[in-house]
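The sequence and the model come first, and the entries follow.

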Amino acid sequence: MGLGIAGAGCRQALGIKAHIPGKQVDDEIIQAESSESSSGYSDKDWIREMHPPPARRDSLPPPKQKDDNSSIWSIMWSILKESLGKDLTHITLPFFFNEPLSVLQKSMEDLEYADLLNKAATKPPQSLERMLYVAAFAVSSYSGTNNRFLKPFNPLLGETFEFEYPEQNWRGLAEKVVHHPTVVAMHGEGESWSYEADADVRAKFWGRSVELVPVGLIRLKFDDGDEYQWAKVTSSLHILGKPHIEHSGIMKIDNLQSSLIARIKFEASSRLSWGESHQVSGEFLRGKEKLPCSLAGAWDKELHVNMPDGSKRKLWQTYPMPKAESRYNMTRFAICLNELTPGLREKVAPTDSRLRPDQLALEEGVFDKANAEKKRLEVKQRAFMKAAQQKNDPLDPRWFQTVINSVAGETAMYIYKGGYWEARKLGDWQGCRDIFGDSS
């Protein structure tokens with residue numbers, strides 16, 4: 001693809017008309033132009049059934065007990081200093097190091113800006129135009145991590161989380177599928193796309209920071225058969241000096257039907273500096289040919305496309321943060337994830353994270369109860385795992401199935417086997433284990 005054509009592709013991706021003389025306009029650009037008027041809406045019954053959207057809260061409930069977290073960092077340091085270079089996933093931390101969300105709900109945060117996928121679906125398959133939006137979506141999944149220093153709850157084996165988001169016409173389901181190491185599988189579907197992910201996050205402490213290395217693969221498929229895949233980059237929680245989150249490394253996004261790839265670089269701060277970097281940059285290649293469009297911006301603010309003529313066009317930006325402050329620094333979207341909107345309690349699976357008593361108590365600010373419930377659930381799970389081992393029960397996932405001969409980080413490990421939303425409609429939760437038990 002020549003410079004003029006690729007430059008036109010950048011303009012088309014942002015809805016900017018371009019005049020290309022003669023016969024230089026290729027099929028890709030013509031298709032992009034004709035698809036601009038398409039809404040991308042696919043006639044799926046479940047999308048209609050989600051509407052209208054429920055009224056959602058814009059803040060967490062005020063804590064019922066006094067929240068004193070003034071010494072949290074000194075306590076964290078006293079725990080971590082004995083764990084230099086060790087895997088932290090097996091270390092039990094006090095409940096006040098948690099935020100009132102589970103790892104399953106945190107994984108659903110990756111879809112907050114799924115409207116970018118709805119836009120991508122209107123672009124031609126295997127095109128630079130579509131890849132621009134896919135790349136922006138991949139970067140946007142980090143936007144909710146800024147100033148989020150507390151860890152999510154580690155789900156119990158078999159714990160699930162569902163979320164319907166009619167505001168953008170998508171829904172998702174996540175399940176903890178392996179106990180040790182913790183592996184989470186997720187499935188999402190929208191107007192004209194589906195999303196699959198599995199991840200095992202490995203955490204180590206290196207003196208100045210806690211390093212989080214995700215091992216898993218994200219797969220995205222549009223209804224026209226166009227497929228993409230990528231893996232997440234390394235994240236670091238710096239705890240000395242001013243605590244802050246960084247993401248660093250190269251994210252490579254492959255289009256599986258062509259030679260088109262995106263290379264997104266998450267910049268790390270200098271080792272000689274105590275500052276932080278949120279900068280990202282991206283380039284696009286078709287085979288060995290570097291295309292003239294590039295991405296630049298910050299993962300917590302916005303992304304823009306650098307055009308061949310030197311101009312810039314905004315591709316994505318974050319939504320405003322909520323006005324009400326809390327020690328959790330959640331986005332508006334994250335605040336909604338643990339909310340039981342009217343009528344939802346009777347619909348979700350009995351294994352849903354919103355029903356987890358220790359997490360609910362923490363959200364309500366009843367800290368004594370949160371601590372007691374967390375300990376009760378840990379004892380209950382250990383007894384359950386021991387009994388399953390004695391019976392040689394493999395404890396297979398309820399809604400996902402293992403991919404035979406899969407390789408973590410290279411191929412899909414788990415895929416959604418279907419049936420959840422059908423069971424929800426019938427209220428038939430046969431096969432779901434009692435993981436929460438009776439709350440104290």
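**Entry 1**

In which loop is Pro 181 found? I located Pro 181 in the loop between strand 4 (170–178) and strand 5 (183–189); helices (H or I, at least four residues) and strands (E, at least two) are DSSP runs, numbered from the N terminus. I worked on a predicted model, in which local features need pLDDT of at least 70 and side-chain atom pairs count only at pLDDT 80 or more, while totals for chains, interfaces and linings use all residues. Residues are numbered from 1 along each chain as its sequence is written, and side-chain values use heavy atoms, with hydrogens and water left out.

I noted that His 180 and Pro 181 are joined by a cis peptide bond, with omega about -5°. A cis peptide bond also joins His 51 to Pro 52, where omega is about 0°. I placed Pro 52 in the loop between helix 3 and helix 4 (72–80). For reference, most peptide bonds are trans, and most residues other than glycine have a negative phi.

**Entry 1. Positive phi**

I looked up Gln 126, which is not a glycine and yet has a positive phi of about 65°. Gln 126 belongs to the loop between helix 6 (115–120) and helix 7. Its relative accessibility is 30%, so Gln 126 counts as partly exposed (buried means under 20% relative accessible area, exposed over 50%, partly exposed in between, with a 1.4 Å probe and protein chains only).

Asn 329 has a phi near 55°, again a positive value in a residue other than glycine. I found Asn 329 in the loop between strand 15 (312–317) and helix 8 (332–337). Asn 329 is partly exposed, with a relative accessible area of 30%.

**Entry 2. Aromatic rings**

I recorded 18 aromatic pairs in the structure; rings of Phe, Tyr and Trp (its six-membered ring) pair if their centres lie within 6.5 Å, and planes under 30 degrees apart count as stacked, over 60 as edge-to-face and the rest as tilted. The pair of Phe 137 and Tyr 195 is edge-to-face because the ring centres are 6.0 Å apart and the planes stand at 90°. This pair links distant parts of the chain, 58 residues apart: Phe 137 is in helix 7 (residues 128–140) and Tyr 195 in strand 6 (residues 193–205). Both Phe 137 and Tyr 195 are buried.

I then took Tyr 165 and Trp 170, whose ring centres are 5.5 Å apart and whose planes are at 55°, so the pair is tilted. Tyr 165 and Trp 170 are each buried.

The charged end of Arg 130 sits over the ring of Phe 222, 4.2 Å from its centre. The charged end of Lys 232 sits over the ring of Tyr 142, 5.0 Å from its centre.

Is helix 9 enclosed or open? I found it largely enclosed by the rest of the structure, because 6 of its 8 residues are buried. The buried residues of helix 9 are Pro 357, Asp 358, Gln 359, Ala 361, Leu 362 and Glu 363. They pack against strand 1 (98–102), helix 5 (103–108), strand 2 (151–153) and helix 10 (367–390).

Ser 353 lies in the loop between helix 8 and helix 9 (357–364). Ser 353 is buried, with a relative accessible area of 0%. Neighbours within four places in sequence aside, its contacts (heavy atoms within 4.5 Å) include Ser 102, Leu 104, Phe 161 and Gln 359.

**Entry 3. Glu 283**

I placed Glu 283 in strand 12 (residues 279–286). Glu 283 counts as partly exposed, at 25% relative accessibility. Glu 283 and Ser 294 are 11 residues apart in sequence, and their C-alpha atoms are 4.9 Å apart in space. Apart from neighbours within four places in sequence, Glu 283 is in contact with Ile 261, Ala 262, Arg 263 and Lys 290.

Notes. A charge sits over a ring if NZ of Lys or CZ of Arg is within 6 Å of the ring centre and within 35 degrees of the ring normal.
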